Amino acid sequence: MGPNEVAHRGLRMVETVTEDVVWRAAPGAWRRAWEPPLDRILDRGQILDAPIGPLSPARAALGGELAAAEADRVIAAARLIANGRAGYFGYPVVDVPAGVVSRDPFTGRSWPDVHGKRLDYRRATGGDPKWAWEANRLQRLPLLSLAARLSGDGALDASSRERALAWVRSARPPYGIAWSNGFEAALRGISLALVYDTLRGTPAPADATFTRALWQHARWIERDRSFGSSANNHLLGEAVGLLTISILAPELRAAERWERQALAVISQQADMQILRDGTSPEQAFAYHLFVCDLLLLATALLGSDRTPPAVISALRRAGDAIAAQVAGGEPDPAYGDSDDGRAFLFDAEEIRSAPGVASSIACAVGHRACAELAGAPDLPAILLFGTDGVSRFGDPDGVPAAQSSLLGDGGIVVLRRRGVRALFDVGAIGYLQIAAHGHADGLSLVVSDGADELVVDPGTGTYFGDATRRHQMRGTEAHSTLSVGGADQARYGGPFLWLDHPDIRLVDVDIDAGVAVGEVRSAAGSAVRHRRAVLMLPTGAILIYDRVDGAGAEHLVLTWPLHPALRISRRGGNVVDGHIDGRLRLVISVAGTRRDHVADPQLTTVEGEWSRRLERVDPAPVVRATLAGGSPAEVATLLVPAQGRHIEDPQLVLEGSGEVTTAGFVLDGSIVRVHLDVGADPVAIVLLPE
């Protein structure tokens, strides 16, 4: 943080303390500020008599017709919600009471009833704040309203209305865990505004308490906007929350002002949070999808004629990047943090997926590659964009062969051959100074074969549940890269803070040849340089060459985390097999250079951790090679996706002399030799003839 940001945060804390004192000493003044008479905040001439949002009866009818199977799943999920049952993240399904949720059902403890900005949720003992936030976002209430329209069951509509009213009647803004920041108010404001809109023209429309609650949320979003080093996806979420309230509740006198404010931020952030190549500066794929959903909701509410050009352009770029990273049937990338968060909930899926977001982008802007990835408009896309969106989606005439590509701004190299996909990370550690959602995973490589994940990113694991695990799963040694001396590539500053960011760059790339080279110089003035060359062969096998130079290049650990579905066995030597359901799916071979001062890598298989849902961690195999020696140190890895066929011992050998290294191995009965001129810049990599 710079001095201006520190000063601004100090001023905001003074305002918070003052407000807290007023609430305790003069509750009447607090009520006048937060519970004004309705006529003071309402323009009755602007009250609408029918829904205008994405959950209108017409949109729901279209969704039920075109996405019937999804609609059935939404109705089934809504029955559970109507009974007050819900499961958030990887936690078990529990009873969720109507009204503000402050008690953690797993610890039995409650969050204190203090001013939200004075809650130190990272150190307080009320439980997992993420669980409380998720429950208080009320995102399942619009799903109830949607299910009522899909099924014709008025009891679901009544449940949505009553649970929304129970929440706003029990709330005392801005007190408690639910009001700890403007971002939480914004996501809840989206939920409440969507339900509020569905009640127009019904026998039980929203009452004064509900209307005032939307005003309270907009007021808090205005006052508690993210800024400085915290202005990541939260700032965009706050703006979209403010926009949603302003459009779906135009009778609030401040609606036009809120809309102008929101549009200015959304236009700016669309350019900042979607890079020129369409990727996310946060270096977290799940947050990329989240940002896209926020922009999609804004676009749906505004309509194509009022949506800022910057937003339309950002969605097109984002669609390009999503389609480049994910082809039909491939798993979503998992780099960076993922917290299962949703901008809104219009389906019964546990996690938002790339094909789902691609479906909405195709309906929003007519994106051909996204339409091919999605296959058909899904329920959320139909609700957002209606018949016009379905027309823009078009009629995909088949998915073309997925291509390799370079996303240079995001630092992602995508290599594909024969159904195998490798993602090579040569991007920055994260966004802005704190890099809150990035991991110290420079030069990591993940590999999938069709829908099967082989070499994986370990995932997020936890945010607040276990501080040690949070650090470990964000750290370098947990990822498919090389760590030096047990240190992370960046200096750890906290669960959402990296200090002294490493310098990570792409040195060379030849997409057509399947070659990419990157390097990382770790933080804190380290003299150590790690350079990695990746070559994907026409067979889909991948050769990875790692070289570490510089004083302090001692105790190197090369990690290959694998998917839990793989069953690992050692052949002997430095070769490991991985089977899924009894079929050979992956062969790993590791070799070091034959030099006196560098010992052969010691290969071990250990049990690691893998997480695809926040707060749920599964055991997973890890292949680890440890090297001890001086500089330079070199090691090569051969990854062979076996695709069920028998693979002979690759007999991988790495031979070096000076700045030239040769890797040789046996693959499918043929001897393969690769020449690496690692002293050159850019590095020269040549696949030698047999």
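1. The lining of the second largest pocket comprises 12 nonpolar, two polar and 10 charged residues. Here Ala, Val, Leu, Ile, Met, Phe, Trp, Tyr, Cys and Pro count as nonpolar, Asp, Glu, Lys and Arg as charged, and the others, Gly among them, as polar. A pocket is an open set of points on a 1 Å grid over the protein atoms alone, where a 1.4 Å probe fits, with protein on both sides within 12 Å along at least five of seven lines; lining residues have an atom within 4 Å of a point.

2. The model is predicted: local features need pLDDT of at least 70, side-chain atom pairs count only at pLDDT 80 or more, and totals for chains, interfaces and linings use all residues. Residues are numbered from 1 along each chain as its sequence is written, and side-chain values use heavy atoms, with hydrogens and water left out.

3. Of the 24 lining residues of this pocket, Gly-87, Arg-140, Ala-348, Glu-349 and Glu-350 lie nearest its centre. Helix H5 (68–82), strand S1 (85–86) and helix H7 (140–151) each supply at least two lining residues, and H5 gives the most, with three. Helices (H or I, at least four residues) and strands (E, at least two) are DSSP runs, numbered from the N terminus.

4. Strand S6 (residues 445–449) is largely enclosed by the rest of the structure, because five of its five residues are buried. Buried means under 20% relative accessible area, exposed over 50%, and partly exposed in between (1.4 Å probe, protein chains only). Leu-445, Val-447 and Asp-449 are on one side of S6, with Val-446 and Ser-448 on the other.

5. Phe-424 stands opposite Leu-445, and Ser-448 has Glu-453 in S7 as its bridge partner. The hairpin of S6 and S7 has two residues between the strands, and Gly-450 takes a positive phi near 65°.

6. There are 17 aromatic pairs. Rings of Phe, Tyr and Trp (its six-membered ring) pair if their centres lie within 6.5 Å; planes under 30 degrees apart count as stacked, over 60 as edge-to-face and the rest as tilted. Tyr-91 and Phe-106 are stacked, at 4.8 Å centre to centre and 20° between the planes. Tyr-121 and Trp-133 are edge-to-face, at 4.8 Å and 80°. Trp-133 is buried, with a relative accessible area of 6%.

Methods:
Pairing = 2+ DSSP bridges.
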